[in-house]
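Reader: I'm new to this one and don't want the whole tour. Please pick a single part, look at it closely, and tell me how it sits among its neighbours.

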Amino acid sequence: PQIRDWAYALYEIWGRLARQLSPEVSQNPELYTMLPVPNPFVVPGARFREIYYWDSFWVLKGLIASNLTTLAQARDACCQLPGSCPQAASPLSCIRTYYLNRSQPPLFSEMVRIVWEATGNRALLSDAMPALLREHAFWTSPPKQARPCCLPGCTTRPCILHSSHATLLLLPLQVVAVAGDGKQYNVSRYFANWQQPRPESYICLRLRLSCTARPHEKAETWPQLYSNPCPAGWDFSTRWFRDGRSLATVRTTSILPADLNGFLLQMEANIADFAAELGCSEVEQQFRQLAMDRRDALNTLFWNNSTAQWHDLICNPQQGEGTAAGTSAPTGQAIFASNFIPLFAGAAGPGSEQASGRSWALNASGLIGVGGVAVSLTESGQQWDWPNVWPPITSMLIDGADKFGGELGAVLSRQLTASYLGTVLATWEDTGRMFEKFNVETLGVPGGGGEYEVVDGFGWTNGVVLDLLNRFGGE
C-alpha cells in the first residue's frame with residue numbers, strides 16, 4: 001500500500017507539471033523568449049519552466065507507465081521539440097530563443113521508439129522521419145563530426161595525435177580518427193561556435209570564471225563552456241576539465257565522448273528500424289551500415305578490454321603535436337558513469353561476454369552506493385560529480401544492464417533499481433518532495449553542488465520512478 005500510494009501521488013504531480021502556452025506567445029513572439037508550441041507539455045519543475053529536450057525522454061517513459069499516452073497526447077509530446085523550431089537542424093535544448101544553436105544528447109529517436117511501441121501509431125514514424133534525418137545530419141556534419149576530410153581552402157597544418165587506439169588529425173574544426181590498422185572512423189563530439197558566456201547564465205559564469213582564469217584564457221574558455229552544458233547535459237563535471245579540478249581548464253571540444261557516440265549508434269539503428277517498418281529499403285540499408293560502422297568505432301576506439309568500459313577519447317595537443325588517449329590512462333578519477341552508457345545504446349550484443357564484463361565493471365567501479373549510482377568518483381563541488389545520483393543516468397545504466405547484460409546484468413539492474421527507488425522514496429517520506437538529484441552516500445538525501453540550489457518537481461525523477469515501478473514493482 002505504501003508504494004501504491006506513492007505511485008498515485010506521483011501520477012497526480014503530472015497535472016501540476018503540465019503547461020499550455022498562452023496564445024499571446026504566438027501572436028506576439030517578439031515580446032517573448034519562449035518559442036510558441038501549440039499543444040500542452042510537461043516541464044521538469046521549479047526553475048525549469050519549459051520543455052527540455054533530453055528530460056522529455058524520461059517524462060515520456062513516466063507518462064507511458066501512467067497510461068497517459070493516448071495517441072494524440074503521446075504524438076504531441078514526442079514531436080513538439082522539433083516542431084517548435086522547424087528551421088533548426090536538431091531538437092533544441094529548450095524552447096527558448098537563446099537556445100537556437102544548441103541541442104542536448106540525441107534521444108529523439110528513442111522517444112519515437114518508445115511511443116511507437118506503446119501506441120502502435122505507425123504514422124508517428126513517417127511524421128518523425130524528416131526531423132530524425134535532420135538531427136542525424138546535425139550531429140554527423142562538421143564541426144561536430146570528426147571525419148576524414150579537410151575544410152575547403154584550409155591552409156592550417158593539421159595537428160597529428162597518436163594513441164594506442166588511433167591517430168587523430170586535428171584540423172581547424174574537425175578530427176580524423178584513424179585506427180592502428182589504417183581504418184578511418186566517423187565519430188562525433190560536442191561543439192558550439194560561441195565566444196561569450198551562455199545567455200541564461202551570463203552573469204554567474206562571468207563572475208565564476210573571472211576568479212579562476214587569466215584574461216587570455218577566457219576567450220578560449222567561453223566556447224568550451226558553451227559547448228559543454230547544454231549539448232552534453234553534464235553541466236558541469238570534472239569529466240570536461242583538463243586538470244580534473246578547475247572550470248577554467250574546461251576542454252569540451254577536445255573530447256570525443258563515448259556516450260554521445262553511443263546515442264548516435266542508437267539513433268542510426270532506430271532510423272533503420274523505422275525505415276524498414278515504412279518500407280524505405282534504401283534508408284534502411286544506409287542506416288544499418290552507419291550503425292555497424294559506429295558500433296565498430298565504439299569498440300575499436302573507445303572500448304578498453306582491461307577496464308571493460310567505453311572511455312572518452314581525450315586529445316592533448318602540445319605545440320602542434322601530442323597524444324590522444326582514453327581516460328583510462330589516469331587513475332580512478334577517470335571513471336565516469338558515462339563510460340557505461342554505450343551498453344544502453346546497443347554497443348554490445350545481448351548476453352555477450354563484453355556486455356557481462358561491462359556489468360561486472362560497473363559493479364566494481366566504486367560509483368555504486370546506498371543511494372544509487374554516482375556520476376563520477378571526484379568530489380569537486382560540481383553537480384555532475386560525486387556524490388550526486390542523477391535519475392536519467394541511473395535509468396540508462398539499469399536499462400543497459402537489464403537488456404544486454406545477461407544474468408549478471410539482470411541482477412545488477414534490480415540492485416540499482418532497489419537502491420534508486422529506496423532513496424527517492426525515503427526522501428519523499430521525509431520531505432514530500434521529488435528532487436532532481438540525490439546523494440549516493442546517504443539514503444534519502446537530495447544532491448547538491450553546482451550553480452543553483454537543488455530543485456524539486458521533478459519530471460525525469462518521477463518518470464524514472466514510475467517506469468521502474470511499472471517494470472519491476474511486481475518483483
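Author: Let's start where helix 13 passes helix 15, in a left-handed crossing (the near helix is turned anticlockwise from the far one by less than a right angle; clockwise would be right-handed). Helices here are DSSP runs of H or I with at least four residues, strands are E runs of at least two, and both are numbered from the N terminus. Keep in mind that this is a predicted model, so local features need pLDDT of at least 70 and side-chain atom pairs count only at pLDDT 80 or more, while totals for chains, interfaces and linings use all residues. Residues are numbered from 1 along each chain as its sequence is written, and side-chain values use heavy atoms, with hydrogens and water left out.

Back to the pair. Helix 13 covers residues 391–404 and helix 15 covers residues 459–472; their axes come within 9 Å and cross at roughly 25° (axes are lines fitted to C-alpha atoms over the stretch in contact, with angles from 0 to 180 degrees between N-to-C directions). That makes helix 13 roughly parallel to helix 15 (under 35 degrees; over 145 is roughly antiparallel, 65 to 115 roughly perpendicular, the rest oblique).

Who touches whom? On the helix 13 side you'll find Pro391, Pro392, Ser395, Ile398, Asp399 and Asp402, and they meet Trp460, Thr461, Val464, Leu468, Arg471 and Phe472 of helix 15 (contact means heavy atoms within 4.5 Å). Sort the contact of helix 13 with helix 15 by class and you get 7 nonpolar, 2 polar and 3 charged residues (nonpolar is Ala, Val, Leu, Ile, Met, Phe, Trp, Tyr, Cys and Pro; charged is Asp, Glu, Lys and Arg; the others, Gly among them, are polar).

Now stay with helix 15. Of its 14 residues, 12 are buried, so helix 15 is largely enclosed by the rest of the structure (buried is under 20% relative accessible area, exposed over 50%, partly exposed in between, with a 1.4 Å probe and protein chains only). Among the buried ones are Gly459, Asn462, Gly463, Val465, Leu466, Asp467 and Leu469. Trp460, Thr461, Val464, Leu468 and Phe472 are buried too, and those five also belong to the contact with helix 13. As for length, at 1.5 Å a residue helix 15 should span 20 Å, and its end C-alpha atoms are 20 Å apart, which agrees (the expected span is 1.5 Å times one less than the number of residues).

In the loop between helix 3 and helix 4 (71–84) sits Asn67, which has a positive phi of about 60° although it is not a glycine. Asn67 is exposed, at 69% relative accessible area. Ala308, in the loop between strand 10 (303–304) and strand 11 (309–310), is not a glycine either, yet has a positive phi of about 55°; at 9% relative accessibility, Ala308 counts as buried.

Pro387 lies in the loop between strand 15 (372–373) and strand 16 (388–389). Another cis peptide bond joins Asp235 and Phe236, with omega about 0°, and Phe236 is in the loop between helix 9 (229–232) and strand 9 (255–256).
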